[in-house]
Amino acid sequence: MDNQQDQHSLAKHRPNSRTRKAMGAKTENAISVALLLIGSFLIAISFNLFLVPLGIASGGVSGISILVQHEWGITPAYTQWALNIPLFLLGLWLLGKKFALKTALGSFLLPLLVLFTSHWHAPTDNAMLASIYGGIGVGAGLGLVFRGKASTGGLDLAAQLLHRFTGIRLGLAVACFDGAVIAAAGILIAPENALYALVGLFVTSKTIDFVQTGLATSRVAFIISDKPVEITNVVLHDLDRGLTKLDGHGGYTGEARSVLMVVVGQNEVSKLKSLVRSTDPYAFVIISETAEVLGEGFKLP
């Protein structure tokens, strides 16, 4: 009787699925805001320490603000607000509230942090070092913002609008806007600055990829063999990895063949090749890098 009362009391105080879902949503929102704050701060200090002092306008609204400061002496944060606010309102009108809410905080927060850190002094006067370290800092910040499923607004909004209403690929739209800013830097500041801006933009894109997916430490292998059962056994028991059997057909013979797909860590590639070779020396094996692997035995989703 007492046990039944205890169980009833526990069930009464245990959060139901709706409550757990609400708690999960609040936690996710808190993490998203935290990543936006940290990422925006990284972008702001990298912008002020490395890019502004040497006039490296590597695209986006931040690049435009550097050009405006060079030509008219206007503080970059004010230019960023002046561009972000109308772009945000345009996105709110054309893309809807759900999209706009994700960019509202970032559109206001980033220029504010840029303003607060504008007095920080540059640690180097070497343009190449500045473009590299500035690119790393901006890329790391943007990667954190994107991981939080947020946005800092700017020309990304303009690119999405162009993509929405013209059908131009989003990546191409972003590249067009960034290319226009860099070209303007080459004309208004110096051709050399445009080259450094390209270096910064490249480093930024690679750093974003790294923050988003991490190091590519996993490999995916496709194995075609006349001994699929034997290879399955050694992968499952000797390598202690799971695998997936895919149905395939020979292009020349038309015969049905099993294709085994195995995902392994980088340090397991040699052992996998050795096991396959000892089981079937004539097996056809394709091994390639994977950007990210989510699931049991790897990274949690």
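**Exercise 1. The nonpolar patch**

Task: Find which residues make the nonpolar surface patch in this predicted model, and which helix gives the most to the patch.

Solution.
Step 1. The patch is made by V33, L37, I38 and L105, and covers about 320 Å².
Step 2. Helix α2, residues 17–51, gives the most, with three residues.
Step 3. L105 lies in helix α5, which spans residues 97–116.
Step 4. L105 has a relative accessibility of 39% and counts as partly exposed. A patch residue needs over 30% relative accessible area, and the 39% of L105 is given for that comparison.

**Exercise 2. Annotated spans**

Task: State which residues UniProt lists as "transmembrane region", then describe the chain over residues 103–121 and over residues 127–146.

Solution.
Step 1. The unreviewed UniProt entry lists residues 30–57, 77–96, 103–121, 127–146 and 167–189 under that name.
Step 2. Residues 103–121 are 74% helix and 0% strand in the model, and the C-alpha atoms at the ends are 29 Å apart.
Step 3. Residues 127–146 are 100% helix and 0% strand, with 27 Å between the end C-alpha atoms.

**Exercise 3. Salt bridges**

Task: How many salt bridges does the structure hold? For the pairs E289 with R219, R257 with D226 and E268 with R241, give the distance, the location and the exposure of each partner.

Solution.
Step 1. The structure holds three salt bridges. The cut-off is a side-chain nitrogen of Lys or Arg within 4 Å of a carboxyl oxygen of Asp or Glu.
Step 2. In the pair E289 and R219, the closest N and O atoms are 3.6 Å apart. This pair links distant parts of the chain: E289 is in strand β4 (residues 284–290) and R219 in strand β1 (residues 218–224), 70 residues apart. E289 is exposed at 57% relative accessibility, whereas R219 is buried at 13%.
Step 3. R257 and D226 bring their closest N and O atoms to 3.1 Å. Distant parts of the chain are linked here as well, with R257 in strand β3 (residues 256–265) and D226 in the loop between β1 and α10, 31 residues apart. R257 is partly exposed at 28%, and D226 is exposed at 64%.
Step 4. For E268 and R241, the closest N and O atoms are 3.1 Å apart. E268 belongs to the loop between β3 and α11, and R241 to the loop between α10 and β2; the two are 27 residues apart. Both E268 and R241 are buried.

**Exercise 4. The surroundings of R219**

Task: Where is R219 found, and which residues does R219 touch, not counting those up to four places away in sequence?

Solution.
Step 1. R219 is found in strand β1.
Step 2. With a relative accessible area of 13%, R219 falls under the 20% limit, so this residue counts as buried.
Step 3. R219 touches V262, V263, V264, Q266, V269, I287, S288, E289 and T290. Among them, E289 is the salt-bridge partner of R219.

**Exercise 5. The faces of helix α11**

Task: Which residues of α11 are buried, and why do they line one face of the helix?

Solution.
Step 1. V269, L272, L275, V276 and T279 are buried in α11.
Step 2. Viewed down the axis of α11, the buried residues fall within an arc of 130°, so they line one face.
Step 3. An α-helix has 3.6 residues a turn, so residues three or four places apart point the same way.
Step 4. On the other side of α11, S270, R277 and S278 are exposed.
Step 5. The buried residues of α11 pack against β1, α10, β3 and β4.

Note on methods:
Residues numbered from 1 in each chain as written. Predicted model: local features only at pLDDT ≥ 70, side-chain atom pairs only at ≥ 80, totals over all residues. Heavy atoms only, no water. Helix = DSSP H or I, 4+ residues; strand = E, 2+ residues; numbered from the N terminus. Buried < 20%, exposed > 50% of the residue type's maximum accessible area, 1.4 Å probe, protein only. Arc of directions from axis to C-beta. Contact = heavy atoms within 4.5 Å. UniProt positions renumbered as here; feature names shortened; annotations may be inferred. Patch = residues over 30% accessible without salt bridge, like charges linked within 9 Å, V, L, I, M, F, W, Y side chains within 5 Å. Areas by Shrake-Rupley, 256 points an atom, 1.4 Å probe, with all protein chains shown as cover.
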